[in-house]
Amino acid sequence: MKETASKDLLRIEDLHVSFAVHGQLNEVVKGISLRVPAGRTVALVGESGSGKTVISQSVMGLLPRNGVVHGGRILFADPAKEGKVIDIAALDRDGKKIRHLRGGRIGMIFQEPMSSLSPVHTIGDQIQEALQLHRPHPRKEARAVTEEMLRLVGFRNPHHSYDQYPFELSGGLRQRAMLAMALICRPALLIADEPTTALDVTIQAQVLKLMKELQSEMGMAILLITHDLGVVANMADEVVVVYRGRVMEAGTVDDIFRHPRHPYLKALLKASPDFDMAEGERLVALREVPPTAPPADLRHEPVLRAAPTPLLNVRNLRKTYGSKHGASIVAVEDVSFDILRGQCFGLVGESGSGKTTVGNMIMRARSADSGSVIFNDRTGPVDVLALQDEELRTFRPRMQMIFQDPVSSLSPRMTVLDIIREPMIVQGRGTDAEQKKRAVELMECVGLDPRFLSRYPHSFSGGQRQRIGIARALALNPDLIICDEPVSALDVSVQAQVLNLLKDLQASLGLTYLFVSHNLAVVHYMAEQIAVMARGRIVEIGPREALFRRPAHPYTRALLKAVPLPDLDRKLDFDVAFTGGASDPASWPEEFRATAPGSLEMIDLGGGHFVLADRACTARDVTAA
Amino acid sequence: MLLRYILRRILIMVPTLLVTSALIFTVMELPPSDYFETLQAEMAAQGEHADTSRIEFLKREYGFDRPPVERYFRWIGGFVRGDFGYSFEYEMPVRDLVGERLGLTILVSFSTILLTWLVAFPIGIYSATHPYSWGDYGLTFVGLLGIAVPHFLLALITMYFANVWFGLSIGGLMDPIYFNEPMSWAKVQSILAHLWIPVIIIGAGGTGTMVRAIRANLLDELQKQYYVTAKAKGLPPGKALVKYPLRMSLNFFVSNIGDILPTVVSGSELTAVVLSLQTTGPLLLRALQSQDMYLAGSFLLFLSCLTVIGVLISDIALAFLDPRIRLQGGSLK
């Protein structure tokens, strides 16, 4: 026991942390103990509110003003100072000793790289600041060291990037800059708080790979805080699972994944969708909300599953953004697809691929430059893009939208009743009493207690808020719902709840979905037909099975390969070069690159599976590639 | 890039001021009568015989027999040559009339702004870094008092107590004997001795408002993630505060410069009347009452100039301060 203790870089013993809220102490970390051995990676897993971020803040001495450590020790054994152990919990919060550790011996990176960097200072300035604080160099040398660090984290032209501002960098590069800042003083411990949650899968794989490389090069330990079990399986040596401020289970990554004992951990493993789920298999939510049968007037006529007809035909949509002077950027180009009645159509792609723009254009929230959107009503086809004023207003109820951010998409100044009623008021549906009755029905329908109608959104959790958003979308009894990343802001456990709710509603109400997401596993779970977008174009489209089993396009393949699975036997292959953007056509084989305008065409691979490739190619050429 | 931007901005100022001057002129022309008719009516009412030949002469001299459009261009044309027109009431050129007052106005205004910033910044920073403490509450209370009490009232109270307690007469910006005298050391001393009272009185409200603004802005910035990052680097709290959140909250003040200049100049008129300051405020007030149109019009145009220049200064400063600001216009939707 004593021997292992001496090798631990960080030991947290029976830590208690409380927050003072309205004069009362609210304990959020209730006696947590864990250790981080030198040079290893320990993952701290839990959903939001579990206290995992508070633990990391305690280690850095960065608790919010109203937070107090009122029990336990945080022992940091700096390998650079043999035999000396510091109890961080006992240090003065902004004193010299803790400031020496912060940034010098313990580095930290955060979830959102944009807001974590100052927008008005160059990244070189911000990174070098950390260096000069702990290891002062003469000016010129410091710049050289900083540029060397930038090169190490993967900046191709460090000299130029030194003078760049964060807003000039992509999300992945910003996170690399954060890494450079945290690591420039060669700390013994890196605390990474959800370091890749805000990044696209391919970029996530790159950053994870980079962290591994830097770890083996610098020999530092990593305390990785995440809710993504896929990331854990690929990165961690040891795992600590926390739930409501207590450790549920701890052990090596093998133990945790192969022999989960605690029911919470088992449930967590079952709640995340993966590609192996059979059709019709249901996610098991941690806290299942029983579905209620929706009232009859909400239902659409039953859909004939055997021969579904298209509800929406999208043809050759195009959208460019640009200033009067500069060159314009093509955000969406030549996007065509059909959504069948009663089905879920998945649109996948990384940020900036144009998927949200497509959704917005269908909703008429943005104007399309060209192309057409035909909505096949029971009475006949409607050209959505040609609708004007009053026609558009009366058509609006047919398509509704669910948004990504459950916080900002609900007005904080309106009660839930007002929020759900608003569409009905705008459209002049029913009397006051009827609208209220309908709101009650809708609340039951999404699994919320109708007594909550008089509350304001801030008293609900993220998952509940998203349910309110769903109820609002259902208020006008739409045929088509556009779900724009509806679960990406939610925890795995809550995500399962919301996805199941969407599925149940689809089945019981006969709804049709356009499901926009960057998360392949989620789309796999939800959608029958899937289109993959890159750089504004659909590069591959087909039924779920075909697309996931036999991906033809290099970008689809890269996407599938980059998803970290919570499975130790199928770890990410970090040796496969994730460098460079996987969505960059230059990284694709020749057949998939545009040599001249219009040289690319959708090639039929059979069974409704198409891939964008050179018009000279045959299906065989493409699948062989 | 930046030079071109500044140049473009200065060029844009010209049409802006032209449009403003046209507006001002139109407003001055709107009342059915003009200064001479008012004067004639007044004199007739007092039973005096008006000197019609003199009035006719002035009317011709200033083109009142011409169409308004022509008079407008004469007025504006004069501006370029430094001729701001003629004050009928005081019977002297506007330039000579305003002369020293303009300088004093600028002196009072800038001293006020400087004082506001010097006082407001430390207090605001203290309030934001010690929110909901007794110090914060106390300073907030004082600041709110400053905002709530009208300037002229504060001026009256100060004058009253200065007289009752110290037997002092604190009106004016200098001893009356120095007014319109050439600048001398004794005059400067007299100005400095008188300056601080109006500056404090006029600045009280602005300081209170600014403390509130600094506190609110800084409190917002202190919650931001980048401040946590700065502390996670090991920066001492003070240094981190100045380099990151304070720097960010500066944007607000810089963009506020454009507003401050005209507010301070025109907002202090009542106070100036009460304290009988030799600034432009009381003059403008009187000119508006008596329809002394060249005097009033020139004043208003002077105020617009200040606004436009203030906005220019703040825009240039913002461009330096915040790299995210794009110097090239462009639409995004």
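The model is predicted: local features need pLDDT of at least 70, side-chain atom pairs count only at pLDDT 80 or more, and totals for chains, interfaces and linings use all residues. Residues are numbered from 1 along each chain as its sequence is written, while chains are lettered from A and ligands numbered from 1 in the order in which they are written.

Start with chain B. Its secondary structure comes to 13 helices and two strands. Here helices (H or I, at least four residues) and strands (E, at least two) are DSSP runs, numbered from the N terminus. The C-alpha trace of chain B spans about 85 × 60 × 40 Å along its principal axes. Of the 333 residues in chain B, 31% are buried. A buried residue has 20 or more other C-beta atoms within 10 Å of its own, with C-beta atoms placed from the backbone. Among contacts in chain B with a separation of 6 or more, 71% join residues 24 or more positions apart. A contact means that the C-beta atoms of two residues, placed from the backbone, lie within 7 Å.

Now turn to where the chains meet. Chain A gives 29 residues to the contact, and chain B gives 22 residues. On the chain B side, α9 (225-232) and α10 (237-267) each supply at least two residues. The most come from α9(B), with six residues. The chain B side divides into ten nonpolar, six polar and six charged residues. Nonpolar covers Ala, Val, Leu, Ile, Met, Phe, Trp, Tyr, Cys and Pro; charged covers Asp, Glu, Lys and Arg; the others, Gly among them, are polar.

Helices α15 (residues 416-427) and α16 (residues 432-445) of chain A pack at an angle of about 115 degrees, with their axes 10 Å apart. Axes are lines fitted to C-alpha atoms, for helices over the stretch in contact, and angles run from 0 to 180 degrees between N-to-C directions. From α15(A), Leu417(A), Ile420(A), Arg421(A) and Met424(A) meet Gln435(A), Arg438(A), Ala439(A) and Leu442(A) of α16(A). The residues of this contact divide into five nonpolar, one polar and two charged. Residues three or four places apart point the same way, because an α-helix has 3.6 residues a turn.

Helix α13 (residues 355-362) of chain A is mostly covered, with seven of its eight residues buried. Among them are Lys355(A), Val358(A) and Met361(A). Arg364(A) follows α13(A), and its phi is positive, near 65 degrees.

Definitions and conventions: Buried ≥ 20, exposed ≤ 12 C-beta atoms within 10 Å, placed from the backbone.
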